Amino acid sequence: MAASDKNRDVPILKKEAKSKEEIDDDFEFSIDWGQSKPVKIYRGAYTYLRNGSPYCEENFEVYRDKKEFTFNFLSSIMSRVSTGEFLKLTVDYKVTKDYVPLKVTVKKDLGREKVEETYLYDSKKNVVNYTFKNKRNLHRCQITTNPRFHIFTPAACTSMLFFLSKKFDVTSKNIYSVLSSPNQWEYKHELKFRTVSLERVSLTIEAINLNGADLQAIHYRFTEDIKSEDEKEKEAVALQPIIQVYLSRHQAIPYSLVSDEGTVINIKFLNNLEQE
């Protein structure tokens with residue numbers, strides 16, 4: 001698969017014979033689109049590293065539906081846990097043309113444990129309807145939101161979509177409202193919105209090298225922004241982790257996410273299918 005001139009900053013997967021370690025690059029999603037006929041515009045993969053050692057892989061695809069004016073980000077994440085079992089996470093993230101979440105589904109599978117979380121945004125009422133389901137229980141709740149918000153998922157490919165939801169001020173911190181689930185295998189906690197901030201580190205484009213590919217990225221600093229008066233009054237508030245974000249020009253898909261806690265998520269490949 002050859003790259004076009006416009007696509008040289010994206011590492012392209014070669015269609016040559018692969019080793020066993022590269023078989024996962026041919027991962028394909030099986031989705032029932034109904035009457036819709038979205039077009040696949042990106043496919044890619046990430047490698048997750050902790051203290052320099054790989055521990056997780058993510059494969060993803062991005063679809064655009066010109067009729068509905070929506071985008072779908074589909075992601076599958078695989079990791080082996082300490083028991084030797086495989087943890088599989090799948091994410092289906094649908095957004096409007098303004099990158100506001102419409103429907104987000106997160107599925108978790110580990111041995112006999114299976115969980116499905118669904119977020120449905122009702123734009124008329126400005127509420128998110130949340131469903132948590134496992135083999136034992138089904139829990140539903142509703143949370144009020146403003147018209148511009150983001151939903152965090154385990155998928156790296158959707159982690160920065162909020163960046164596209166409003167105009168970015170390059171001279172200061174930009175504040176965003178994000179919803180995330182603290183629930184793992186049981187529903188134990190209510191959903192809460194968090195306030196996060198994003199600021200541009202450099203006004204110039206930075207060159208980074210990943211997997212032998214020279215990429216042009218924009219460097220941002222991401223952190224949580226503690227605003228609660230109750231938290232301000234506490235004697236000691238834990239420092240929030242900072243993540244260095246190296247963002248591509250392609251649907252806010254990160255090239256690299258680097259936390260100050262030793263976790264690094266690097267793009268393995270990214271194919272821009274519209275330019276092939």
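**View 1. Salt bridge between Glu186 and Arg136.** In this predicted model, the side chains of Glu186 and Arg136 form a salt bridge at 2.6 Å, N to O (a side-chain nitrogen of Lys or Arg within 4 Å of a carboxyl oxygen of Asp or Glu). Glu186 lies in the loop between strand E10 (174-180) and strand E11 (192-200), and Arg136 in the loop between strand E7 (127-133) and strand E8 (138-144), so the pair ties together parts 50 residues apart in sequence. Strands (E, at least two residues) are DSSP runs numbered from the N terminus. Through salt bridges with shared partners, Glu113, Arg136 and Glu186 join into one network.

**View 2. Salt bridge between Glu68 and Lys94.** The two side chains meet at 3.0 Å, N to O. Glu68 sits in the loop between strand E2 (53-65) and strand E3 (70-80), and Lys94 in strand E4 (residues 86-96), 26 residues apart. Glu68 is partly exposed at 38% relative accessible area (buried is under 20%, exposed over 50%, partly exposed in between; 1.4 Å probe, protein chains only).

**View 3. Leu198 in the largest nonpolar core.** This core has 60 residues, and Tyr46 and Leu198 have the most contacts inside it. A nonpolar core is a set of buried Ala, Val, Leu, Ile, Met, Phe, Trp, Tyr and Cys residues joined through side-chain atoms within 4.5 Å.

**Notes.** Residues are numbered from 1 along each chain as its sequence is written. Local features need pLDDT of at least 70, side-chain atom pairs count only at pLDDT 80 or more, totals for chains, interfaces and linings use all residues, and side-chain values use heavy atoms, without hydrogens and water.

Note on methods. Helix = DSSP H or I, 4+ residues; strand = E, 2+ residues; numbered from the N terminus.
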